Amino acid sequence: MRLMHTKLPDYLRKMHEAVQKHFPEKDIRIRGLENLKSAKMQSLRTGRIEHAVEEIALAEGVDQVEMVVIPRVPETMHTVIIKGLGTDGEVKKAILEVINILHATEEDELGNCTDIDDRRPKIGRH
Amino acid sequence: MAVLKYRIIPEGAVAGYTIPLNIVFMDMKDIQASGLTADAAVERVAAAIPGAAGLNVFDMDAVTTTSDGIMVRGAIIKMAAADRGKINPDFGRLDMEEMPYSEQLVAEEPHLKQWEGNFKGRRLFRGPDPAKKVIPVHNVVITGRASNNNSATEMMNVVTMEEILLPIMGQLEIMEGGEVLIGYTGGIISVGIGMTVAEQYGRVFPTRQFKAGETAHGSGEYAQTLKREIPCIVSNKKTFARNVIAALNAGMVPAREIGCAPAILAIAKLLGKAVAVENIQDKAWEELASVGFSKAWLLSPAPVITEAELLERADELVPGVSNPVKVKASELAVLAALEVE
């Protein structure tokens, strides 16, 4: 089961390596994961994405590679934890709330590109 | 070659107020005349707009309700959001749900007594069926930067984060070619939009969450700040007053069948109409009083005027909208046309 989910640092390393094994002087720019300090990433997709990064890096006319991770469903509901900490660093009082966030969808990232290969499963499948 | 007509408020500024994205108004009759389906028509117009856009399709023979329960002629039946000519296939469009007439529905939502009295036989649309939408919380469609929210009455560019409020009466006024006000939403409307009625498949809430006399905000003095600094386009106050008068004359009582928004209370008081004062909840009073509409104000004696005088002096007497500028709908939302096959 250890292969079912990939550690976040391993995910990031794999993406950098997918570019650098072909172009050692280049790198991939990754946005959208900055907020994550620890996470388990779906392994099957990690492999597919790693190959996609490589494919884009090798594509004709491509000079730089970017990866942007955005929510699949563009309105996300989040739990907000407001914590009051004591001098010992322990949580003394907390309030839980929710916040709904509206995000731009992928069209905002794609400019006028028409060569788009949408490999995502339909909503509700993975 | 057929022609598809539509109206558009271009992204930019009007009278100093920011229009954060292109706003498109399409009449189902124009779509039918073009020979296209509504979905195809929306796609064709979206394809002609290089920037972010919110697109609303209207059936002007149908009826809808305002969030405070006033029934009006004309309804949005489809909303969409587009960016760079595209509509997101999963999240970019949504249909409003038709609510068939039944005595049971009217019994459950008593503000719909206006339907039989004032709009008999017309189809009713408000918000979507939540089971048919993919985005879980709000009645919203999003494509790229464009977001069309609350069943097409609030649009924003989620990248610039600029927003505009488009209450339904203002949109219908644009469709009718009348006059609208553009201004800042201000504290009074910010409070008023929380004074909703309970509706199944409502514009904002999918279920019957907040009844007449309650506040959906529950934010106390803070409610007035909710949309205060956001531009809005609303109907002229004479149209607003005419619609409220029609509801009051159909037997609607503020805080009993219809909401207790400041503008509705003000009109009822000016005309000497009954208000279900006892139904207005403390939380609602707190918000109302914060913008000058306290219980003491409502219960204080005041001269009653005629409907004709109210309509004549609506700009002066109906509260709401900060620094409004009156503009002709035809100059704000300009007619455009596409040739279609």
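The centres of domain 1 and domain 2 of chain A sit 23 Å apart, taken over C-alpha atoms. Keep in mind that this is a predicted model. Chain A splits into domain 1 (1–69) and domain 2 (71–115), going by the domain assignment. Chain B, at 341 residues, has a radius of gyration that agrees with a compact globule, and 19 of its residues are in contact with chain A.

- Strand E5 (residues 75–85) of chain A lies largely in the open, because zero of its eleven residues are buried.
- E5(A) pairs with strand E6 (residues 91–102) of chain A in the antiparallel sense, and eleven bridges hold the pairing on record.

**Chain B as a whole**

- You'll find 13 helices and 15 strands in chain B.
- A compact globule of 341 residues would have a radius of gyration near 20 Å, and chain B comes in at 19 Å, so the two agree.
- The C-alpha trace of chain B spans about 60 × 45 × 40 Å along its principal axes.
- Burial is assigned to 54% of the 341 residues of chain B.
- Take the contacts in chain B between residues at least 6 apart in sequence: 74% of them join residues at least 24 apart.

**Nonpolar cores**

- The largest nonpolar core counts 104 residues, and B:Met26 and B:Ile267 have the most contacts inside it.
- Strand E6 (residues 71–82) of chain B gives the most to this core, namely nine residues.
- There's also a second, separate core of six residues, with A:Tyr11, A:Met15, A:Ala18 and A:Val53 among them.
- Leaving out residues up to four places away in sequence, B:Met26 touches B:Tyr6, B:Ile31, B:Ala41, B:Val45, B:Leu55, B:Asn56, B:Val57 and B:Phe58.
- In soluble globular proteins, nonpolar side chains tend to be buried together.

**Where the chains meet**

- On the chain B side, 19 residues are in contact with 13 residues of chain A.
- Sorted by class, that side of chain B has nine nonpolar, five polar and five charged residues touching chain A.

Terms used. Residues are numbered from 1 along each chain as its sequence is written. Chains are lettered from A and ligands numbered from 1 in the order in which they are written. This is a predicted model: local features need pLDDT of at least 70, side-chain atom pairs count only at pLDDT 80 or more; totals for chains, interfaces and linings use all residues. A residue is buried if 20 or more other C-beta atoms lie within 10 Å of its own, exposed if 12 or fewer, and partly exposed in between; C-beta atoms are placed from the backbone. Helices (H or I, at least four residues) and strands (E, at least two) are DSSP runs, numbered from the N terminus. Two strands pair if DSSP finds at least two bridges between them. Domain bounds come from an automatic or database domain assignment. A nonpolar core is a set of buried Ala, Val, Leu, Ile, Met, Phe, Trp, Tyr and Cys residues joined through C-beta atoms within 7 Å. Two residues are in contact if their C-beta atoms, placed from the backbone, lie within 7 Å. Ala, Val, Leu, Ile, Met, Phe, Trp, Tyr, Cys and Pro count as nonpolar, Asp, Glu, Lys and Arg as charged, and the others, Gly among them, as polar. The radius of gyration is taken over C-alpha atoms; the globule rule is 2.2 Å times the number of residues to the power 0.38.
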